[in-house]
Protein chains: 2
Amino acid sequence: MTYCLAIRVDEGVVFAADTRTNAGVDYVTSYRKMHVFRPADDRVFVLLAAGNLATTRELIDEIGRDLDRAPNGESLLSVDYLFEAAQYVGGLSRQIQERHGPAFVRSNVMGEVTLILGGQIRGRAPDIFLIYPQGNYIGVSDETPYLQIGETKYGKPILDRLVHHSLALGDAAKLALVSLDATIRSNITVGLPFDFATYATDTFALSSQVRIGAETAYYQRLRETWQKSFVEIFGRLEDFPQSSVDATGPGAAATDPSANFATGPDRG
Amino acid sequence: MTYCLAIRVDEGVVFAADTRTNAGVDYVTSYRKMHVFRPADDRVFVLLAAGNLATTRELIDEIGRDLDRAPNGESLLSVDYLFEAAQYVGGLSRQIQERHGPAFVRSNVMGEVTLILGGQIRGRAPDIFLIYPQGNYIGVSDETPYLQIGETKYGKPILDRLVHHSLALGDAAKLALVSLDATIRSNITVGLPFDFATYATDTFALSSQVRIGAETAYYQRLRETWQKSFVEIFGRLEDFPQSSVDATGPGAAATDPSANFATGPDRG
């Protein structure tokens, strides 16, 4: 499994990915799932991939070959809009899956990949897209400025609490790290090290690209502070009521087939 | 969907459940998923259910009928151990599913239910079990003192940070509420109101049973404090490094097929 995340804020875009790959529990390896393309000074692309590792590899190789062939044919150099890059990458992904489709079916293999593509082309705003295995895509809004692929649920509550399009780029990166950290604590199919990239609007080069592992001192301090803070703020919360509290409104009209046998006190 | 949770601590057991039920997005209702049985002074049982609502209803009805027929036949009155109650309830659940099995298959309906059963029988320790649709069950340990069914992932990270078998009963209930709250913020198939029950060891009656809805003042205050605290502790975290940080160890040996095209600075 995998967990990749991109956040689009006013200052730019943050990309984050874990590196754990597994083909069954007895073949667990580490692969980079973040791929950076900067084929000219006027454009930068970051691609995050979740799904079949072979499909992803073929996709990355073909994107590279198409860049070698440029300006002939379609490539990350030929596109004028970021959404065209999403269409191009989505199309390649679909073609690769179709090429192996009958063999996948015969072997009962899932050949799908789900992708996040982000970056900027000069003259356009930076953006991020989630590309489905079928090749189509969705984007983000200021209300929901992030995209996730892979094992997305564990790291979503903390995003929903804290994400905002006005976050500073560094804070968005920190939030991405906190979201990945929540995920690896609860699910072993997502694992260290993590890759992070930050991109500041109109710079056309990554602002930073860092790999964070268990022994990264910054991450160790952050984990410790974060965990201690949780214990502290949980302690601040008012005590749970030990008897019936004020009952609920319209939604509370629940049937209770066990009412005949239930004799617990304080049925709310 | 559903989210139910039970935590076994040294002082007793906490049970929590949401109430949202849906058969498609256009038939969303509220049903109690927590069922309390106290058929004699020496025993109390709490059952939480996730899955097919009709299977659950039939199960609750048959548990009740078997209690009416006691002391004839197997029932929650005839069992001597809590695990026997799990075997009995698991057996009923399996029989109900088998009874409708061919019809479920014809209609492509999922008739399964997954259950949490907990409580205490005098002379034995309180305990909780997760009962699979197949009727078999697992328990908990001091290391992992909780069980979840339904939409479990969103509320797991906060549990993994804070749960401990030495938590006070009220703190365990508060933690369950925080876990349910994280879930409904991120997933609309889990919804208010919530049912909570706390059971203190060797009391053979519930210590408290409360229903908490959006307009419950305690819950409103807790949500507000919790959200503000998150913003505060996130602000405490050290800034994300803007350039390459110390690289990682053995796990970091990743192949990077995009290295040829990537020209971002500070490649970690």
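Which residue in S12(B) is the bridge partner of Asp195(B)? The partner is Arg211(B). The model that shows this pairing is predicted: local features need pLDDT of at least 70, side-chain atom pairs count only at pLDDT 80 or more, and totals for chains, interfaces and linings use all residues. Residues are numbered from 1 along each chain as its sequence is written, while chains are lettered from A and ligands numbered from 1 in the order in which they are written.

Chain A contains six helices and twelve strands. Helices (H or I, at least four residues) and strands (E, at least two) are DSSP runs, numbered from the N terminus. The C-alpha trace of chain A spans about 75 × 45 × 40 Å along its principal axes. Of the 268 residues in chain A, 48% are buried. A residue is buried if 20 or more other C-beta atoms lie within 10 Å of its own, exposed if 12 or fewer, and partly exposed in between; the C-beta atoms are placed from the backbone. Two residues are in contact if their C-beta atoms, placed from the backbone, lie within 7 Å.

In chain A, helix H1 (residues 53-69) packs against helix H2 (residues 82-99). The angle is about 130° and the axes are 10 Å apart. Axes are lines fitted to C-alpha atoms, for helices over the stretch in contact, and angles run from 0 to 180 degrees between N-to-C directions. H1(A) and H2(A) are therefore oblique to each other. Angles under 35 degrees count as roughly parallel, over 145 as roughly antiparallel, 65 to 115 as roughly perpendicular and the rest as oblique. The crossing of H1(A) and H2(A) is right-handed. A crossing is right-handed if the near helix is turned clockwise from the far one by less than a right angle, and left-handed if anticlockwise. From H1(A), Thr55(A), Glu58(A), Leu59(A), Glu62(A) and Ile63(A) take part in the contact. They meet Val89(A), Leu92(A), Ser93(A), Ile96(A) and Gln97(A) of H2(A). An α-helix has 3.6 residues a turn, so residues three or four places apart point the same way.

Helix H5 of chain A covers residues 169-186. Its 18 residues should span 26 Å at 1.5 Å a residue, and its end C-alpha atoms are 27 Å apart, which agrees. The expected span is 1.5 Å times one less than the number of residues. In H5(A), 16 of the 18 residues are buried, so the helix is largely enclosed by the rest of the structure.

Two loops of chain A contain cis peptide bonds. One bond joins Ala70(A) and Pro71(A), with omega about 5°. Pro71(A) lies in the loop between H1 and H2. The other runs from Leu192(A) to Pro193(A), with omega near -5°. Pro193(A) sits in the loop between H5 and strand S11 (194-200). Most residues other than glycine have a negative phi, and most peptide bonds are trans. Asn108(A) has a positive phi near 55°. This residue is found in the loop between helix H3 (101-107) and strand S7 (113-121). Asn108(A) counts as exposed because it has 6 C-beta neighbours inside 10 Å. Asp202(A), which is not a glycine, has a positive phi of about 65°. Its loop connects S11 and strand S12 (208-212) of chain A. Asp202(A) is exposed, with 10 other C-beta atoms within 10 Å.

In chain B, five strands form an open sheet in the order S10-S1-S2-S11-S12, with antiparallel pairing. The edge strands are S10 (146-150) and S12 (208-212), and each pairs on one side only. The twist averages 10° from one strand to the next. Two strands pair if DSSP finds at least two bridges between them. Strand S2 (residues 12-17) and S11(B) pair over six bridges. Strand S11 (residues 194-200) and S12(B) pair over five bridges. Phe196(B) is the bridge partner of Ala16(B), and Phe196(B) also stands opposite Val210(B) in S12(B). Six of the seven residues of S11(B) are buried. Ala197(B) lies in this strand. With 28 C-beta neighbours inside 10 Å, Ala197(B) counts as buried.
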